[in-house]
Amino acid sequence: MNKQSVILHPTSIDGVFEPGIISGDGLQAVRLMHADGVLTAWTWDHIPVSPASLLSGTAEIHPAGFPHGSVPIIEHVQWEPTMQVVDMIPTTFARKSDTIPRFKRLVGRLLHPGLHQLLHDVFAIPTLFRDYWTAAYDEVDSVGEVAETAVATAELIERSLDLYSFEREVGVVFALLREAGRAWPRQHWQGRYHTLHCLDQIQCSIDKLREQFPAEASTLVELMQHECRLSFEPNTAPILERVEALALAYRGHRGEAKIVQVDSPAPDKVIRLDWARARRRHLADS
């Protein structure tokens, strides 16, 4: 919903709270971000600003003001810090109305419990929750294309028959996160790869995954480091090749990059020299 909802009757809404200014009479403005959109309301109970984390819970909302129902009042908040906030991402955050519902379906269909929870944890980071959906590539007029390409690529990976189930599940997560670093302003990752900046920001979630699923965590880290690595474990290479090829194809590029095995001091590693050269040429031309 792009317009402010009119609250005519008392209601309860699950969502994420973004506190704002406090008026002279003591009322505080609050943006309540929920699955269908963003509701602006007021409350007498002041909510502290929390820039490093999201405040989630259930709001008890009553209509007030003139005309009737024009100024929603939050009467009470039941805080739920463990709420899965992926479900609360407003559909209106994305440029296309179906991008976020498709993203939520991808997360919901992940069978791997660790990877499923990882995405819930990662998208509880305020920057990703709010700004991932409008992140852009370096080209002009590409606002929102990062998220749309990620979701479309992840859907293709999910249906790939040439990947094992482990590869598909990790591939879906990587497809959604490979460009997520662009959600942060460029000055935050200037001079380094945005994937490494993102990896730094989600490190706590990676460490949590590693406690129970070390192989999945190691593979995902290798994939997120792909811009600065020349070698990978054998089970990582097909995921990288498939995700990169599908993402490039989706954005209208031609030619599928190949990862090749070459002689090296570590013969059990996969070296992607031709892929690295091709990608550098692509970045130089962008």
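**Side-chain contacts and helix packing in the predicted model**

Thr99 is found in helix H1, where helices (H or I, at least four residues) and strands (E, at least two) are DSSP runs numbered from the N terminus. The structure is a predicted model, in which local features need pLDDT of at least 70 and side-chain atom pairs count only at pLDDT 80 or more, whereas totals for chains, interfaces and linings use all residues. Residues are numbered from 1 along each chain as its sequence is written, and side-chain values use heavy atoms, with hydrogens and water left out.

With a relative accessible area of 3%, Thr99 is buried, a term that stands for under 20% relative accessible area, with exposed meaning over 50% and partly exposed the range in between (1.4 Å probe, protein chains only). Leaving aside residues up to four places away in sequence, Thr99 touches Ala94, Trp133, Ala147, Glu148 and Val151, contact being defined as heavy atoms within 4.5 Å. The C-alpha atoms of Thr99 and Ala147 are separated by 7.6 Å, although these residues are 48 residues apart along the chain.

Glu148, one of the residues touched by Thr99, also takes part in a salt bridge with Lys96, at 3.7 Å from N to O. Lys96 belongs to the loop between strand E5 (73-79) and helix H1 (99-109) and Glu148 to helix H4 (residues 145-158), so the pair ties together parts that are 52 residues apart in sequence. Glu148 is buried, with a relative accessible area of 5%, while Lys96 is partly exposed at 36%. In the whole structure, 17 salt bridges are found, each being a side-chain nitrogen of Lys or Arg within 4 Å of a carboxyl oxygen of Asp or Glu.

In one of them, the closest N and O atoms of Asp162 and Arg242 are 3.4 Å apart; because Asp162 lies in the loop between H4 and helix H5 (165-177) and Arg242 in helix H10 (residues 237-250), parts that are 80 residues apart in sequence are tied together. Arg242 counts as partly exposed, at 22% relative accessibility. In the other, Arg178 pairs with Glu244, with the closest N and O atoms 3.0 Å apart, and here the loop between H5 and helix H6 (186-189) is tied to helix H10, the two residues lying in parts that are 66 residues apart in sequence.

Phe93 and Phe129 form an edge-to-face pair, at 6.1 Å centre to centre and 85° between the planes, and both residues are buried. Phe103, Phe123, Tyr132 and Trp133 form one aromatic cluster.

The axes of helix H8 (residues 203-212) and helix H9 (residues 214-224) come within 6 Å and cross at roughly 145°, the axes being lines fitted to C-alpha atoms, for helices over the stretch in contact, with angles from 0 to 180 degrees between N-to-C directions. Ile206, Leu209, Arg210 and Gln212 in H8 meet residues of H9 that include Pro214, Leu220 and Val221.

Key:
Phe/Tyr/Trp six-rings, centres within 6.5 Å; stacked < 30°, edge-to-face > 60°.
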